[in-house]
Amino acid sequence: MDSVHSGNPTGPAPDRPHRVGYLPDRDQTLMKLVVAGPFGVGKTTLIRTLSEIATLHTEEAMTETGRPVDDLAGVPEKSTTTVAVDFGRLTLPGNTVLYMFGTPGQRRFFPLWQDIARGALGALVLADTRRLADSFEIMDMVEEQGLPYAVAINCFPESPLHQVEVLRARLDLHPATPLLLCDARDRESSLDALIALAEHVLDTLPAGPAAEPGPAAAQERP
Amino acid sequence: MTAFPRRRMVPAYLATGGRSRPGTEGFERLTVLFADRTEPPTGLEPEHRRLWELLRPGALTVVEAAAHLRLPVSATVFLAADLVEAGCLRARAPIPRAQQTDRTIVERLLVGLRALR
């Protein structure tokens with residue numbers, strides 16, 4: 001649980017119940033992926049499996065879409081929904097830090113989803129074969145946002161096994177969209193899912209315009 | 001567990017994703033915050049002081065600071081913007097200035113992930 005990986009953690013302060021995993025450096029490149037899917041599909045598990053810091057969350061106050069803004073005046077507690085958004089962090093070789101945000105999959109949280117997904121490189125959509133249709137809503141939202149995504153079937157022990165082609169058809173996936181099986185509790189399996197996503201994101205980007213002379217390399221420190 | 005700091009901080013209508021306060025436009029969840037000095041600035045209001053103290057030992061992103069302080073991201077952005085304005089906090093974008101293309105960024109992600117595998 002309390003695995004602070006890097007940085008210079010200090011002793012606990014009165015209002016800091018757990019140690020703070022500071023960024024080891026100030027000039028890293030920070031990037032973001034979202035892990036999306038219906039409730040209970042394993043988003044937080046996958047993030048926890050990969051995160052180097054104890055998974056954190058923010059409480060995001062949300063006006064539900066369609067609710068009149070007037071309701072909000074002065075009494076936020078009464079008329080906003082609070083959603084916990086989990087996230088984790090993974091430092092990669094090359095002075096790069098990846099943040100993974102678990103995002104709620106329901107349409108009514110679309111504004112929050114948009115806010116979190118802004119600037120993300122891509123989305124990993126998690127699905128469960130026992131209730132594939134529960135992931136449709138978030139897939140629509142990801143597509144509307146224009147984010148490249150991959151779908152990972154989180155394999156629960158009791159999940160029925162399906163042929164990948166069958167799942168692909170049932171999810172109505174674009175032929176280029178990666179579909180893979182993963183175990184969110186397993187680090188390598190979760191890493192593989194992110195690798196598949198990153199490869200796909202790269203495929204969606206135009207080939208580098210005469211690759212600028214290594215800005216990435218220039219950023220890196222010895 | 002004060003949900004919202006007192007004073008001008010976060011009027012309810014700005015509580016979700018409020019970008020209306022001047023000076024907060026550049027902030028996002030992954031904006032990196034770090035204290036600019038080791039001596040605590042004087043005269044800070046309690047919520048500002050909590051943020052500053054949190055960042056005293058090292059850098060964090062806005063969203064991490066929000067999580068540790070148990071504040072909404074939007075409120076944390078307001079506090080951070082105030083502190084940056086007051087000159088006791090510095091903020092930088094998630095991608096350092098030497099501009100990188102989307103492609104180089106994703107390549108770095110891919111190389112990094114594969115290296116962990």
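This is a predicted model: local features need pLDDT of at least 70, side-chain atom pairs count only at pLDDT 80 or more; totals for chains, interfaces and linings use all residues.
Me: What is the mean pLDDT of chain A, and what does chain B average?
Reply: First the idea: pLDDT is the predictor's confidence in each residue, from 0 to 100. For chain A the mean is 82, and 77% of its residues reach 70 or more. Chain B averages 82, with 79% of the residues scoring at least 70. There are scores for the model too: ipTM 0.82 and pTM 0.81.

Me: Where does pLDDT stay under 50?
Reply: Among such stretches are residues 1-16 of chain A, for which the model has 35 contacts beyond four places in sequence. A contact means that the C-beta atoms of two residues, placed from the backbone, lie within 7 Å. Residues 66-72 of chain A are also below 50, and that stretch has eight contacts beyond near neighbours in sequence. In chain B, pLDDT stays under 50 over residues 1-19, and the model has 33 contacts there beyond four places in sequence.

Me: Now sheets. In what order do the strands of the open sheet of seven strands in chain A come?
Reply: Helices (H or I, at least four residues) and strands (E, at least two) are DSSP runs, numbered from the N terminus. Two strands pair if DSSP finds at least two bridges between them. In chain A the order is E2-E3-E4-E1-E5-E6-E7, with mixed pairing. At the edges sit E2 (56-62) and E7 (179-182) of chain A, each pairing on one side only. From one strand to the next, the twist averages 30 degrees.

Me: How many bridges join E1 to E5 in chain A?
Reply: Four, and E1 (residues 29-37) and E5 (residues 122-127) of chain A run parallel. You can find A:Val35 opposite A:Leu124 in E5(A).

Me: Which helices pack on that sheet?
Reply: One is H5 (residues 164-171) of chain A, which touches E5, E6 (149-154) and E7 of chain A and makes about 120 degrees with the direction of E7(A). For angles, axes are lines fitted to C-alpha atoms, for helices over the stretch in contact, and angles run from 0 to 180 degrees between N-to-C directions. Another comes from chain B: H2(B) touches E2 and E3 (81-92) of chain A, at about 90 degrees to E2(A).

Me: What does the sheet in chain B look like?
Reply: Three strands form an open sheet in the order E2-E1-E3, with antiparallel pairing. Its edge strands are E2 (60-61) and E3 (89-92) of chain B. E1 (residues 32-35) of chain B pairs with E2(B) over two bridges, and with E3(B) over four. Follow B:Leu33: opposite it in E2(B) stands B:Leu60, and its bridge partner in E3(B) is B:Ala91.

Me: How are two packed helices described?
Reply: By the angle between their axes and the distance between the axes. Take H1(B) and H3 (residues 73-85) of chain B: they pack at about 85 degrees, with axes 10 Å apart. Therefore H1(B) and H3(B) are roughly perpendicular. Angles under 35 degrees count as roughly parallel, over 145 as roughly antiparallel, 65 to 115 as roughly perpendicular and the rest as oblique.

Me: Which residues of H1(B) and H3(B) meet?
Reply: B:Glu47, B:His48, B:Leu51 and B:Trp52 in H1(B) meet B:Thr76, B:Leu79, B:Ala80, B:Asp82 and B:Leu83 in H3(B). By class, that contact has five nonpolar, two polar and two charged residues. Here Ala, Val, Leu, Ile, Met, Phe, Trp, Tyr, Cys and Pro count as nonpolar, Asp, Glu, Lys and Arg as charged, and the others, Gly among them, as polar.

Me: At what angle do H2(B) and H3(B) pack?
Reply: About 110 degrees, with their axes 9 Å apart. That makes H2(B) roughly perpendicular to H3(B). Their contact divides into eight nonpolar, one polar and no charged residues.

Terms used
Residues are numbered from 1 along each chain as its sequence is written. Chains are lettered from A and ligands numbered from 1 in the order in which they are written.
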